[in-house]
Amino acid sequence: MQMIKYMIKRILMLIPVLIGVSIIVFLIMRVFSPDPAPIVLGEHATQQSMQEWRLANGLNDPIWLQYVNYIKDAMTGNLGTSYYTKAPVTQEIFSRFPATIELAIAAIIFASLLGIFLGVVSAVKKNSIFDNGGRILALIGVSMPIFWLGILLIILFSGTLHWLPSTGRLNPLYQPTQITGFYLIDSLLTGNMNALVDALRHLVLPALALGMYSMAIITRMTRSSMLESMSQDYIRTARAKGITNRRVIRKHALRNALIPIVTVIGLQFGSLLGGAVLTETVFSWPGIGAYTVNCILKSDFPVVQGVVLLVAVVYVLVNLAVDIIYAFLDPRIKYAKKEG
Amino acid sequence: MNQVKEAKKPLQAERNADKPESQVKAMWEALKTNKAAIAGMYLILILTVVAVVVWASELMGMRILPYDPNDSDLSQSFVAPNSQHWFGTDQLGRDIFSRVLDGTKISLFVGIAAVAISMTIGVVFGSIAGYRGGKTDTIIMRFMDMMLAIPSILLAIAFMAALGKGIDKAIIAIGLVSIPEYARIIRGSILSAKENDYVQAARVIGNNDYSIIFKHILPNVVSSIVVRATLGVSSAILDTAALGFLGLGVQPPYAEWGDMLGRARGFIFSAPYTLVFPGVAITITVLAFNLFGDGLRDALDPKSRLR
């Protein structure tokens with residue numbers, strides 16, 4: 001019950017965050033950006049057509065009124081329509097969002113599994129060749145631009161070895177019936193194995209490119225957190241009791257080292273949505289990231305505002321999820337008590 | 001407590017915590033033993049020398065690079081790496097080796113200038129928030145949190161769309177998006193420093209807020225700012241390359257690594273070498289600042305060495 005109260009409190013905190021984020025985007029895109037009319041209508045548009053377009057989109061109103069109108073509409077779930085496609089922003093976003101989320105989840109799974117594995121091996125075999133190798137890999141992972149890693153993967157696995165496709169999300173021939181928009185789930189639900197294999201093959205390279213940076217951060221955090229927990233007295237006690245080394249590492253050291261690791265994974269998941277902008281551009285992935293860049297460049301304000309709000313919601317919810325996972329990992333943490 | 005301290009034989013840095021010069025000296029002593037950090041430092045030195053020499057030779061009208069980095073010759077386009085063109089030539093027949101070297105000055109300049117902007121503004125806001133506390137603190141820090149809830153690359157792209165393309169705009173955009181990180185660090189440091197006896201003493205003897213912040217508190221948190229700034233240069237260089245790759249950053253005729261990669265993308269299968277070397281340059285530069293920054297952080301806080 002107390003946990004539910006805490007969650008409701010945290011979700012309510014979304015409101016000021018969303019208002020603030022919307023003000024920032026509004027300021028950048030409506031106040032400081034050039035007039036969108038000539039960009040949207042093209043350079044041959046007449047003064048009159050531009051004037052009419054501004055009027056139709058409410059851009060002639062005072063800035064504060066434009067913002068108030070936007071918020072009023074947003075509260076009813078209406079985020080406006082795209083200046084270009086005229087389709088509702090919610091529809092524009094939700095048709096592309098599953099592609100980005102599927103990519104981000106695949107990337108964070110890869111980053112977490114490999115990152116925790118490398119971090120644990122590094123810590124257990126401190127100063128060995130594995131440790132040094134893991135640390136060098138982590139260092140290169142944080143220093144390499146995501147988009148360049150993507151390019152290298154394409155050159156190697158698509159251009160040279162011809163193992164994996166370089167662009168897109170699925171061969172259109174295998175398109176599964178749309179249920180959730182997540183191709184992996186849809187192909188499983190419809191039993192379309194060809195689609196599943198093809199979607200997985202398309203997913204591998206972008207997920208590797210997007211996840212590499214997070215993998216590096218998770219490796220570093222796991223290593224340091226494991227080293228710290230392995231130097232604790234309870235580990236010595238566990239060893240003295242004759243428990244096998246493998247069990248000590250898994251049940252005692254790793255379990256206690258997990259809290260900071262989970263935090264980092266949560267934070268990384270938030271940042272993956274930003275990294276998706278670049279990965280999606282490199283791999284022509286039909287997600288929200290590459291699309292948003294286009295919308296920013298084309299001054300399609302309603303879409304940009306919608307995407308940024310959605311990303312902020314995801315960011316806050318991921319942070320909340322991290323806090324809840326804490327409580328499961330460490331029973332000493334009681335949010336409701338702390339709050340009360 | 002005193003006994004414990006005596007028994008521990010405090011580190012040089014601890015003994016001189018109130019003297020910024022000694023803090024720097026102690027940091028250097030610890031840094032010297034860290035091979036990776038020293039390697040990073042030498043790499044930064046080499047990159048800086050390359051950047052300065054290229055820039056100075058350009059100013060003096062001398063040609064140091066094997067070819068003019070902006071000189072296109074379509075008859076020489078897509079020459080694979082050979083003894084004349086070590087890194088090959090690009091789609092316009094420009095020598096990639098010369099362009100990669102020339103790009104050093106842009107990346108270092110944009111990276112450092114952007115960090116200077118975010119650091120200056122971040123320090124001012126962070127100091128005010130930490131020192132003033134109360135409502136001022138809440139307003140400033142909530143605003144910073146909101147900026148952090150927007151992915152920085154999207155925010156930078158939006159700034160670029162608002163400001164227009166170009167090297168100066170890229171610096172401003174990249175500088176603005178990193179402000180919250182500095183503000184947070186400074187605020188935290190100020191909050192803990194403000195409780196120290198020397199700050200209380202400075203207040204008692206009648207120093208005003210401005211002089212307490214700038215003369216008494218900031219010099220003592222300077223090392224954490226330096227660490228953050230060094231690591232900040234590496235992320236600023238990555239952001240510059242990302243903007244360049246998307247076609248938004250530094251514009252031609254400047255040779256910028258990200259821009260070079262973005263323009264060569266269409267030739268990924270026909271001329272992959274055009275995409276290899278600019279990326280290597282970005283990675284080495286970012287790696288250098290990461291190595292050095294990590295070393296500085298460890299020197300400042302030995303506990304973090306585990307990482």
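User: What makes the length of helix α7 of chain B, residues 152–163, close to the expected one?
Analyst: α7(B) has twelve residues and reaches 16 Å from its first C-alpha to its last, against 16 Å expected at 1.5 Å a residue. The expected span is 1.5 Å times one less than the number of residues. Helices here are DSSP runs of H or I with at least four residues, and strands are runs of E with at least two, numbered from the N terminus.

Do keep in mind that this is a predicted model: local features need pLDDT of at least 70, side-chain atom pairs count only at pLDDT 80 or more, and totals for chains, interfaces and linings use all residues. Residues are numbered from 1 along each chain as its sequence is written, while chains are lettered from A and ligands numbered from 1 in the order in which they are written.

User: Why is α7(B) called mostly covered?
Analyst: Ten of its twelve residues are buried, among them B:Ile153, B:Leu154 and B:Phe159. Buried means that 20 or more other C-beta atoms, placed from the backbone, lie within 10 Å of the residue's own; with 12 or fewer it is exposed, and in between partly exposed. Across chain B, buried residues make up 46% of the 307 residues.

User: What follows α7(B)?
Analyst: B:Gly164, with a positive phi near 100°.

User: How many helices and strands does chain B have?
Analyst: There are 13 helices and zero strands.
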